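Subject: Structure handover

Hello,

Here is the structure you will be taking on.

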Amino acid sequence: MKTRPSILLVDDEPDILHSLIGLLRRQFTVYTAQSGQEALQIMAEHPISVLMTDQRMPEMTGAELARQAYHRFPTTTRILFTGYADIKSVIDAINHGGLYRYVTKPWDPDELIELLTEAVEVSEREAAHQKLMQELQRYVSMGQQISQRLRLGPDGQEIDQDLLQAFAQSGNVLEELTHEPCKPAAGD
C-alpha cells in the first residue's frame with residue numbers, strides 16, 4: 001500500500017485549517033501550522049511534499065516562508081494562497097521563493113485537490129532529479145579517483161591522457177548540472 005503524500009497547510013486562522021483538513025485528509029497526510037516558524041519546524045521533522053501557505057500572517061508572510069522553504073527544503077513544492085490581491089507579494093514569492101502556484105480564496109474544492117495532486121508530482125520529480133544528481137556526482141567522483149590512480153603506469157610513465165581529460169571534463173559537466181535546479185514549466 002502506497003503512503004499518502006504529505007502536505008503542510010499554514011494559516012493563522014484555525015477555521016480555514018479545519019476546513020482544509022476535512023477536504024484533504026482522504027487523499028493526503030495533512031500537517032498544519034499557524035505560523036511560519038511552526039511550519040519550518042514541522043518541515044524539519046517530517047518529509048513534506050507540498051507546502052501551501054497563506055500570504056498574510058503575523059510575524060512571517062507566506063512569501064517569506066516560501067523563500068526559506070525554497071532554500072532549506074528544495075524538493076518541497078510551494079503554493080501561496082490569499083484572499084487579498086497583493087500582487088507585489090506574489091511576484092516576490094515567485095521570484096525568490098520558487099513558488100509553483102498562487103491560489104486565491106475562496107477556491108474550488110475539486111480544483112484544489114487537483115492542484116495539490118499535481119504539486120505532489122512536481123515534488124516527486126524534483127526529489128528523483130536530486131537523487132539522480134547525487135548518484136551522478138558519486139560516479140564522477142569515483143571516476144576521478146580512478147583516473148588519479150591510473151595517471152602513472154607501472155613503469156612510472158604517464159598513461160592515456162585522453163582518458164584523463166575525459167574524466168576531468170565529466171567533472172565540469174557535473175558541476176554545471178548540479179547547479180541548475182528543476183524549475184516549474186512556464187505557464188503552470
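Arg101 is partly exposed, with a relative accessible area of 22%. Here buried means under 20% relative accessible area and exposed means over 50%, with partly exposed in between (1.4 Å probe, protein chains only). Arg101 forms a salt bridge with Glu118, and the closest N and O atoms of the two are 3.7 Å apart. This pair links distant parts of the chain, since Glu118 sits in helix α5 (residues 109–150) and Arg101 in strand β5 (residues 99–104), 17 residues apart. Glu118 is likewise partly exposed, at 26% relative accessible area. A salt bridge is taken as a side-chain nitrogen of Lys or Arg within 4 Å of a carboxyl oxygen of Asp or Glu. Helices (H or I, at least four residues) and strands (E, at least two) are DSSP runs, numbered from the N terminus.

Before the rest, a word on the source. This is a predicted model, in which local features need pLDDT of at least 70 and side-chain atom pairs count only at pLDDT 80 or more, while totals for chains, interfaces and linings use all residues. Residues are numbered from 1 along each chain as its sequence is written, and side-chain values use heavy atoms, with hydrogens and water left out.

The other salt bridges

By the rule above, the count comes to 3 salt bridges. Glu64 and Arg67 form one of them, at 2.8 Å from N to O. These two residues are 3 apart in helix α3 (residues 62–72), so about one helical turn separates them. Glu64 is partly exposed at 24% relative accessibility, and Arg67 is partly exposed at 23%.

Glu135 and Arg138 form another, with their closest N and O atoms 3.2 Å apart. Both residues lie in helix α5, 3 residues apart, which is about one turn of the helix. Glu135 has a relative accessible area of 31% and is partly exposed; Arg138, at 40%, is also partly exposed.

The chain as a whole

The chain has 6 helices and 5 strands. In sequence order they follow the pattern β-α-β-α-β-α-β-α-β-α-α. Of the 188 residues in the chain, 35% are buried. The accessible surface comes to about 11,600 Å², and carbon and sulfur atoms account for 52% of that; the areas come from the Shrake-Rupley method with a 1.4 Å probe, and for residues only the protein chains shown count as cover. Among contacts with a separation of 6 or more, 60% are between residues 24 or more positions apart. A contact means heavy atoms within 4.5 Å.

The sheet

In what order do the strands of the open sheet stand? The order is β2-β1-β3-β4-β5, with parallel pairing. Two strands count as paired if DSSP finds at least two bridges between them. β2 (29–33) and β5 stand at the edges with a single partner strand each, so one side of each has no neighbour in the sheet. From one strand to the next, the twist averages 20°.

Strands β1 (residues 6–10) and β3 (residues 50–54) run parallel and are joined by 4 bridges. Leu9 stands opposite Met52 in β3.

Helix α2 (residues 36–45) lies across β1, β2 and β3, and runs at about 145° to β2. For such angles, axes are lines fitted to C-alpha atoms, for helices over the stretch in contact, and the angles run from 0 to 180 degrees between N-to-C directions.

Ser49 is in the loop between α2 and β3. Is Ser49 buried or exposed? Ser49 is buried, with a relative accessible area of 15%. Leaving out residues up to four places away in sequence, Ser49 touches Pro5, Ser6, Thr75, Thr76, Thr77, Val120 and Ser123.

In helix α1 (residues 14–24), the buried residues are Ile16, Leu17, Leu20 and Leu24. They cover an arc of only 95° around the axis, which puts them on the same side of α1. An arc is that of the directions from the helix axis to the C-beta atoms. Asp15 and His18, on the other side of α1, are exposed.

In α3, the buried residues include Gly62, Ala63, Leu65, Ala66 and Ala69. Seen down the axis of α3, its buried residues fall within an arc of 160°, so they line one face of the helix.

Regards
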